Amino acid sequence: MPARSAAQQKAAGAALSAKRGDTPESGLRGASREMFASMTEQQLEDLAQTPRRGLPDHADRD
């Protein structure tokens, strides 16, 4: 599943880094903390690998 915004892509990257043990979980805030707790490493990887080109900074709320 591709990221819908650059902010979502960045949050997924931060959560993925913590899930892999590269950065401390205590450094996560907001969406990245929620993603860390609720998503698998593969799901986070799919979101984080979305190219940022053409993505809005923030997605519209539905």
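Guide: T50 is buried, with a relative accessible area of 11%; buried means under 20% relative accessible area, exposed over 50% and partly exposed in between (1.4 Å probe, protein chains only). This is a predicted model, in which local features need pLDDT of at least 70, side-chain atom pairs count only at pLDDT 80 or more, and totals for chains, interfaces and linings use all residues. Residues are numbered from 1 along each chain as its sequence is written, and side-chain values use heavy atoms, with hydrogens and water left out.

Visitor: Which backbone oxygen does the side chain of T50 reach?

Guide: T50 is found in the segment after α3; helices (H or I, at least four residues) are DSSP runs, numbered from the N terminus. At 3.5 Å, its side chain reaches the backbone oxygen of D46.

Visitor: Which residues of helix α2 are buried?

Guide: Helix α2 covers residues 30–38. On its other side E34, A37 and S38 are exposed.

Visitor: With which residues is S32 in contact, leaving aside its neighbours within four places in sequence?

Guide: S32 counts as buried, at 8% relative accessibility. The buried residues of α2 pack against α1 (6–19) and α3 (41–48). Contact means heavy atoms within 4.5 Å. Leaving aside neighbours within four places in sequence, the contacts of S32 are A11, A14 and A15.

How values were computed. Helices (H or I, at least four residues) and strands (E, at least two) are DSSP runs, numbered from the N terminus. A polar contact is a pair of N or O atoms within 3.5 Å; within protein, one must be able to donate a hydrogen and the other to accept it, and residues adjacent in sequence count only if both atoms are side-chain atoms.
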